[in-house]
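The entries are in the order I made them.

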Amino acid sequence: MEEVTVSSEQVTGDLDSETLQEKNAERTELTVPNGIPEERKEFVAPAVGMEFESYDDAYNYYNCYAREAGFCVRVKNSWFKRNSREKYGAVLCCSSQGFKRIKDVNRLRKETRTGCPAMVRMRLVDSKRWRVLEVSLEHNHLLGTKIYKSIKKMATGTKKRLHSNSNAEVRTIKLYRALVIDTGDNGNPNSSAREAKSCSDHPDHLNLKKGDTQAIYNYLCRMQLMNPNFFYLMDLNDEGRVRNVFWVDARSRAAVGYFSDVIFFDNTYLSNKYEIPLVAFAGMNHHGQLVLLGCGLLAGETTESYAWLFKAWLASTSSRSPQTIITDRCKILQSVVAEVFPRSNHRYGLSHIMKKVPEKLGGLRNYDAIRKALNKAVYEALKPFDFEASWGFIVQRFGVGDHEWLRSLYEDRVRWAPVYLKDTFFAGMAAARPGEILSAIFDRYVHKQTPLKEFLDKYELALQKKHKEETLADIESRNSTPTLKTRCSFELQLSKVYTREIFKKFQLEVEEMYSCFSTTQLHIDGPIIIFLVKERVLAEGNRREIRDYEVLYNRAAAEVRCICSCFNFYGYLCRHTLCVLNFNGVEEIPSKYILSRWKKDYKRLYSPPDSHGSSNGDVTGHRVQWFNQLYKSALQVVEEGVISLDHYKVALQSFEESLNKVHDVQKKHD
């Protein structure tokens, strides 16, 4: 679990990622002695609905909470199943609960019980977790520093964890304390109306409805207990109210190491004023599936909120900046991306822009004709001159030179029009062909009125489904052999290395080589030859037309580039480049054009670079890297180990054998 602070000073507009990490480290030192910052002595109390993986976890938490609050804990009641003696219920109370028995009154020991009503009642529920069913927080005596005697009553394993892993203990307490101020505010019966009135004008805090705070609280509590590599950050305003939240689970953090070369930042729900102000980071995996790389809730579309979120994401990835970041067309995002990701290529999502065409232009007199002309300019232009000529035709033919949206769109053309983006790598997320859409990752799970509590329930189901889809695609790619449709050596070559879905896309390019009927030399400059490839394409109205594509080929450097830029947009060579390679007697695709990120065994063989930059003498830095890589490797075994009982048995046996071998290494060192 990640160590997290929740001060509103955690990430500010003028902090870079290194400063953020240093600031977090300073805060951590303040919290180590007793888990409470010197300037704030507030505690989030236990709440009805909290769940824990085990009784020991629940007891451990209540003891930590009690120690900070200044009282001791004892077990008032326990309930066990008759046959198995398995514990299924318990009441934990303040040590001052009740009174002495009559026969003990005359003993010399000082009376310490006051009949204190503070307690929690919990029970083992159907989910096999311990759920808090009843809570009383009031004490009828003074609270203060006491000897922590209740530790003595803890189970051996729990006691060991509490004493030997103080960092985890502090992190847990921080999590439970994180929402206390927000809980108090939203608990005010007059606060809801005040929030609804002021939130849109001054988006300085999340507009949480009744129960939302508890829903976030329960989710973060559960994830901290279940997910060892879970990371979250919270941003509080000057009044201590929750302004922004960012979180990323273990699987998503592992995916960042593999698929964060190109990321899509989706703020659809926030910009379209959905019930939940949700934003998400997504990438494209080796099967062409969108994978989640982080989530957030933002108070508003402000420079401060976006900057805080991007820096929080950077902190979770150890400052791993993407090669390309795709966002909605927004001036605020443009300035923030330039500040936080200065070395990344910032591009606007083409599908988002084209989706707005009916809304922005639908009222114009010649809308259908304008739409067709715009599609032709966007999707068919191969050179900037062609695009600008087509755009000029639209402006003059339809008299839309004064249209504000079209004018601003043209000014931003170098960030969204495919003809200007041919040197940008998109990893399949360019949406540079008609009809292609870059969908929101939670598209089927969130609608305009979806409440936050419902989303948090659907969130885990959505991720489980996506993880299952990826695992099944991994198995299918490894265990099946694709059917070849041609005798082309390129098709056979990549059928052995690419995942099934990516190979099917490349296979289409191989098939379409037969629609290219002419390959001729256009220009020779030393080792560089420019070829002209003619292709018959299906145009509007099912009519065929011929288009010319220029392809640069350098045999000495094993380099081939097409003017359509299919490789940068989609990550594999197009039919035109394949024709040129074939024309020059090349039988295998050069290795530089076979991307590792599309290979069947990519996640097994690829070890993400050490972003910490640790030296040989930096053992701590290496241990962090070793932990991350071992965790990702183990996670792959876990994901496939739950497919069936046979998979589970093999995976479990492998873990046991690996652990024994690790123990053997330790014995040799001893």
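**Basis.** I worked on a predicted model, in which local features need pLDDT of at least 70, side-chain atom pairs count only at pLDDT 80 or more, and totals for chains, interfaces and linings use all residues. Residues are numbered from 1 along each chain as its sequence is written, and side-chain values use heavy atoms, with hydrogens and water left out.

**N244.** I found N244 in strand β7, residues 242–248; strands (E, at least two residues) and helices (H or I, at least four) are DSSP runs numbered from the N terminus. N244 counts as buried because its relative accessibility is 0%; buried means under 20% relative accessible area with a 1.4 Å probe, protein chains only. I then listed its contacts (heavy atoms within 4.5 Å). Leaving out residues up to four places away in sequence, N244 touches L233, M234, D235, L297, L298, A299, S305 and W308. I also looked for polar contacts, which are pairs of N or O atoms within 3.5 Å; within protein, one must be able to donate a hydrogen and the other to accept it, and residues adjacent in sequence count only if both atoms are side-chain atoms. The side chain of N244 makes one with the side chain of S305 at 3.2 Å, and a polar atom of the N244 side chain lies 3.0 Å from the backbone nitrogen of A299.

**Helix α8.** I checked residues 250–259 and found 9 of the 10 buried. At the start of α8, a side-chain oxygen of D249 comes to within 3.1 Å of the backbone nitrogen of R251.

**Helix α16.** In α16 (residues 404–411) I noted W405, L406, S408 and L409 as buried. Seen down the helix axis, these fall within an arc of 165°, so they line one face of α16; the arc is that of the directions from the axis to the C-beta atoms. They pack against α12 (350–355), α13 (357–361) and α15 (384–398).

**Second largest pocket.** Which residues are closest to its centre? Of the 36 lining residues, I noted Y379, E380, P434, R547 and Y549. A pocket is an open set of points on a 1 Å grid over the protein atoms alone, with protein on both sides within 12 Å along at least five of seven lines, and lining residues have an atom within 4 Å of a point. The largest share of the lining, 8 residues, comes from α14.

Note on methods: Buried means under 20% relative accessible area, exposed over 50%, partly exposed in between (1.4 Å probe, protein chains only). On a 1 Å grid over the protein atoms alone, a cavity is a set of points where a 1.4 Å probe fits but cannot get out, and a pocket is an open set with protein on both sides within 12 Å along at least five of seven lines; lining residues have an atom within 4 Å of a point.
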